[in-house]
Amino acid sequence: MPTVKTFINDTGVVKELTGAELEAFNADRANMQIEAQAEIDAQTAKLAARQNVLNKLGLTTDEAAALLG
């Protein structure tokens, strides 16, 4: 017998997921988490690179903002 889990969607409808549906749901959730982490990593790298340039120029973020408009 497949594993059955309860899932409540946005409209409040309760549905029991079969094993295949649960696997698909968990795979989708894992993919969303991977994509979100990749976006966070990209933003972090971009901010670090920006800060590195400012450090090389000897500027603070406020000074750079004033110079660049």
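Beyond its neighbours within four places in sequence, T6 is in contact (heavy atoms within 4.5 Å) with V14, K15 and E16. The model is predicted, so local features need pLDDT of at least 70 and side-chain atom pairs pLDDT 80 or more, while totals for chains, interfaces and linings use all residues. Residues are numbered from 1 along each chain as its sequence is written, and side-chain values use heavy atoms, without hydrogens and water.

T6 sits in strand β1 (residues 5-8); helices (H or I, at least four residues) and strands (E, at least two) are DSSP runs numbered from the N terminus. T6 is exposed, at a relative accessible area of 56%. Exposed means over 50%, buried under 20%, and partly exposed in between, with a 1.4 Å probe and protein chains only.

The chain has two helices and two strands, in the order β-β-α-α from the N terminus. Its radius of gyration is 23 Å, well over the 11 Å of the globule rule for 69 residues, so the chain is more spread out than a compact globule. That radius is taken over C-alpha atoms, and the rule is 2.2 Å times the number of residues to the power 0.38.

| Distance | Value |
|---|---|
| T6 to G58, C-alpha to C-alpha | 57 Å |
| End C-alpha atoms of α1 (residues 19-57) | 57 Å |
| C-alpha trace along principal axes | about 65 × 25 × 10 Å |

In α1, G19, L22 and L54 are buried. Just after α1, G58 has a positive phi of about 75°. Buried residues are 7% of the 69 in the chain.

Terms used. The expected span of a helix is 1.5 Å times one less than its number of residues.
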